[in-house]
Amino acid sequence: MSDWKETCNLPRTAFSMKANLQTTEPETVARWDAMDLYGRIRAARKGATKYLLHDGPPYANGEIHMGHALNKILKDLVVKSHNMLGFDAPYIPGWDCHGLPIELKVDRELGPKKKQMSVADFRRECRAYAEKYVDVQRRDFKRLGILGTWDVPYKTLKFEYQAAIVRALGKFVEQDMVYKGKKPVHWCTHCRTALAEAEVEYEPHTSPSIYVEFPLKEDSKGELATRVPALAGKNVSVLIWTTTPWTIPNNLGIAFHPTFEYGAFDIEGTAVIIAKDLAETVGKKIGKRFDRLLASFDGKTMERLVFRHPLYERDSLGVLGDYVTLDAGTGAVHTAPGHGADDYKTGVRYGLEIYAPLDAGGHYNESVELFAGLKVWDANPKVEAALKERGRLWYREDFEHQYPHCWRCHNPVIFMATSQWFIAMDAKQFRERALKAITDTRWIPSWGQARIEGMIANRPDWCISRQRAWGVPIPAMDCTKCGTAILTKPLVDKAASVFDVYGADAWYERPIEEFVPDGMKCAECGGTEFEREFNILDVWFDSGSSHEAVLPFREDHHWPADIYLEGSDQHRGWFHSSLLVGIGTRGRAPFNQVLTHGFVMDEQGRKMSKSLGNTTAPQDVIKQSGSEILRLWVTMVDYRYDINLGKEVLARTVESYRKFRNVIRVLVANLYDFDPKDDVVPKAKMQEIDRWVLAKYADAAEKMVKAYDDYDYPAIFQIVNQLITVDLSAFYVDVTKDRMYTFGAKSESRRSGQTAMFIVVDGLARLLAPVLSVTMDELWRMLPGDREESVHMALFPRDFEQWQDAALLERWSALASVRDQVNLRLEEKRKDKTIAANLSARVVIGAGGETAALLKQYESFLPTLFGVSEVELKSGVGVTVERATGTKCERCWRYVPEVSAEPDRTGLCPRCVEALAEPVSL
């Protein structure tokens, strides 16, 4: 026969070497939609134990970025793996649709047209904008291969969701935890609204650093002389330090630490008070020697002494504060109760006015002498000049530090006292209950617990009101007679019932009578006429209420969720607000576990930004390589920390995908004539190398299933990479290809190999389905045997124990080590042209001790193990390679002592003659 190749069992499969993911992926997603794959998975898992990942809603503003892709793929890994672990694990995606970013975008798009619009009409424009980007993002999330209820997601702009937000607020109101007060909050003068802690980011900033003298008031000199006799008859001043000169006009006090030791130093005839431990540092900084100590005393000596404001005829009261430190400054802290949390608390304790004479844009009002109408940032140099003119500015310099900025517009923010609605953190043991709930939650990684504990323990009362239009209004009213603000449970319930029907826009356009409960009266004056307030809720309260708006109302959900999964910034964001809302509404956290991931950085570890030109868009990767590459990348990296991504990382990921696909392709291609119903070989009759590969597979599969259960996705990649590229590709496939290609098609030896390959590739299709969702679904449909219509309806493989065999693995590990040594010698002989290929080689090998006995035990298998034609065992230790003797078989290419001379079998070895006694499978 001229071409014996046609008689070999050469691999054949429709599972192509080239993935064509750009075509295959959208076709697969369309197929999943057409067959309602998500619905069929739900039906298949009905009655199983529920496992619920509650989706943290991305913001409906713009295209998705790589952080979105990382987040959603991780969630898909969790959900798909738990479905395949046997749980009923639904996934309802959500979107956060309210808030300032959308409002600002719509504002810009409308331009002057906005001035002619009602608030309700403007809100409708915001709604349309949000819905547009829900559709845009949904398209891209589906393209990533993520399964869920994409047709019926939850959205914070839905009427029922808006009503649920208000009802959640009502639970706090009912417990008397909500109050309205004038307190300093982070305020963005650009966006003209209060900001939550989670809406503030610290960025580098240059501030003016100034040292300012406050002289002691004449009326207090006698009192000071009584307390510190050494200062009797002296001119006395205190020196303060600040990096916000614009707050000096609003100064009402100077804070001292009660237990720190302070000194009065003679500076050019004036007794200047600063902390003694800072005297040398301050002296060097400002160029004055603090070396003539007149008196020493503790900070509490300064309490209620009165100093004079350096610019105005106004008093500045000596107060005490434990927050005063010796880290910087002078140990005497300028105190403006309207512009700082500690300042505010101190001001309340000492009866100082909460003084913040600024408008929403950060301009001083007309009552502020010297600086009326100036914006605070523009006032800084003017304040310095006025202090210098009066001889009170002792020193100034630029100061580089981390300063709070608005997370949306990235402008520096200020602390400003405004009238806002708050949830009291220390009412009803709210803070303590939240901290207890944190300890009852599993945090992955574990350091997340300490992070959020610190935030909850130290946070101020929650400012829940915002001065914007696009959000859920706080259904509060003011008495028109006395101005008292009213927010009651009946008022909240009434608003929620209206929102159920008309949505939150109703607050801006429906009659006020629809919101006023029967018989409502002002508790202060008995008034019965009211007007609406128009503050909206903090959007973190919106998204933090998602467990109240979604979990109790979805048939396949339960409260609390089993897990929340978001980026590590959400300890101060969604995790934080969800926890607080859960404690307020149901007395516990809305989650049992919280898993966090890092941020996506460029390959140099820098934050991605358009200005640096270092962004990698998921859409570009999908277009060039496919979403499967992104999914594999997410599994390859340690997502718990910040992750690098760029061209080199993606190239390595593509190469890993290619290796995986090609090795898996070899396995499935060898099954073209295998039917698991009829052709499976029992374990007892399987060849030992086939049992070895199943033992390797079983160990890997068991570890992979555990890693899925532990959310240890990097371990999954490492395990499967070892199995596929080392155990399968470099060893098993190489060693067995002669048997698979040239033995009789239906021989027990070949069926044994096919049985092993079938079990391995069927298991890999299942185990890799959460990662390579499209590829494994494609592979699944190529595998023989009856099976579910999609791999995602199947379960992970089980019963690994039947294949595990530690002794077998130990023996074959020793054999593999010998093979590695032989391969080195074979490579040398190929290079020096002694042999053309391994099958033209004869190996002579000697070993001692246990290795010699092992080689003797496997002597007949060694040519197959080494891929050569002959192996001779000898005494001594070493490996030599020679040219094989005999004649080359024209079909299997081994060198054998003799070949057939029969007319239709001419040139074939006896083994090939025997193989051709049965017909070749077609």
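The model is predicted, so to speak of a local feature takes pLDDT of at least 70, side-chain atom pairs count only at pLDDT 80 or more, and totals for chains, interfaces and linings use all residues. Residues are numbered from 1 along each chain as its sequence is written, and side-chain values use heavy atoms, with hydrogens and water left out.

**Cavities**
- There are four cavities of 30 Å³ or more; a cavity is a set of points on a 1 Å grid over the protein atoms alone where a 1.4 Å probe fits but cannot get out.
- The largest cavity comes to about 130 Å³, a volume being the space filled by probe spheres set on the points.
- Its lining (residues with an atom within 4 Å of a point) has 14 residues, and Gly99, Leu100, Glu199, Arg466 and Val539 are the closest to the centre.
- α4 (100-110), β5 (193-195) and β23 (536-537) each give two or more residues to that lining, with β5 giving the most, at three; helices (H or I, at least four residues) and strands (E, at least two) are DSSP runs, numbered from the N terminus.

**Helix α8**
- Within α8 (residues 279-286), Ala279, Val282, Gly283 and Ile286 are buried, meaning under 20% relative accessible area with a 1.4 Å probe, protein chains only.
- They sit on the same side of α8 because they cover an arc of only 100 degrees around the axis, taken from the directions from the helix axis to the C-beta atoms.
- Turned away from that buried side are Glu280, Thr281 and Lys284, which are exposed (over 50%).

How values were computed
On a 1 Å grid over the protein atoms alone, a cavity is a set of points where a 1.4 Å probe fits but cannot get out, and a pocket is an open set with protein on both sides within 12 Å along at least five of seven lines; lining residues have an atom within 4 Å of a point.
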